[in-house]
Amino acid sequence: MLKQISVLIHKELTLEWRQKYALNGILLYVVSAVFIVYLSFGARSGALSMPSWNALYWIIILFSAVNAVAKSFVQEHQGRQLYYYMIASPEAIILSKMIYNTGLTLILALLGYAVFSVILGNPVQDQSLFLLNLILGSIGFSASLTMVSGIASKAGNNATLMAILSFPVIIPILLMAIRISKNAMDGLDWSVSADKLISLLAINAIVAATGYILFPYLWRS
């Protein structure tokens, strides 16, 4: 299975490199969204408070992740899916998608953090806690959105269905990530955020395990 996962991830990277417009469009979205926030809130005069900085950052990352992960199964036509069905196990396919989308989401999150820091300032006092939160949030976003993307692809790539199914899963992850990052911005001790980190890690594990168990049944259909 490890060999299948590595080959499938290499395939994802190759497709992304051939279709640079998709990744470039997402990167442009992140940068332009941050710049619009800068112009709208008058951040030059320091009008953007820490709670607003935190909320806007995660909203931008969430929509960037949705745009990036939504195409996981949308870009796979039926002939290619049939080919994957014959050469790879469904477990390897869903794990490769989750791993690749986690890396892509984490890159977008780090890029957004860098752009936010340059344009809007960096109020985060505990950088290590904030970065750990980014990693856990990226895993949660990618795991849930990848599974929902697979379900939507079986329903004719219905974008409305993907939005409805992902909403109840994404909201707990988003709220937990916002609270942890708020503690990191305030410089609070790690013990204050320990329960929230464990909860976020548990949510990620449940979502990933659910996708791993249920995807083979979806794939056979």
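Predicted model: local features only at pLDDT ≥ 70, side-chain atom pairs only at ≥ 80, totals over all residues.
Residues are numbered from 1 along each chain as its sequence is written, and side-chain values use heavy atoms, without hydrogens and water.

**Exercise 1.** Work out how the axes of helix H6 and helix H7 cross.

Solution. The axes of H6 (residues 90–120) and H7 (residues 127–154) come within 8 Å and cross at roughly 140°. H6 is therefore oblique to H7, a class left over once angles under 35 degrees (roughly parallel), over 145 (roughly antiparallel) and 65 to 115 (roughly perpendicular) are set aside. In the contact (heavy atoms within 4.5 Å), residues of H6 including Ile94, Met98 and Tyr113 meet residues of H7, among them Phe130, Leu134 and Phe141. By class, this contact has 13 nonpolar, 7 polar and 1 charged residues.

**Exercise 2.** Decide which kinds of ring pair Tyr57 forms with Trp53 and with Phe116.

Solution. Rings pair if their centres lie within 6.5 Å, and planes under 30 degrees apart count as stacked, over 60 as edge-to-face and the rest as tilted. Trp53 and Tyr57 are stacked, at 5.7 Å centre to centre with 10° between the planes, and they sit about one helical turn apart because 4 residues separate them in helix H3 (residues 50–69). Tyr57 is buried (under 20% relative accessible area) at 1%. The centres of Tyr57 and Phe116 are 5.4 Å apart with planes at 85°, so this pair is edge-to-face. Since Tyr57 lies in H3 and Phe116 in H6, the pair ties together parts 59 residues apart in sequence.

Key
Axes fitted to C-alpha atoms, helices over the stretch in contact; angles between N-to-C directions. Helix = DSSP H or I, 4+ residues; strand = E, 2+ residues; numbered from the N terminus. Nonpolar A, V, L, I, M, F, W, Y, C, P; charged D, E, K, R; others polar. Phe/Tyr/Trp six-rings, centres within 6.5 Å; stacked < 30°, edge-to-face > 60°. Buried < 20%, exposed > 50% of the residue type's maximum accessible area, 1.4 Å probe, protein only.
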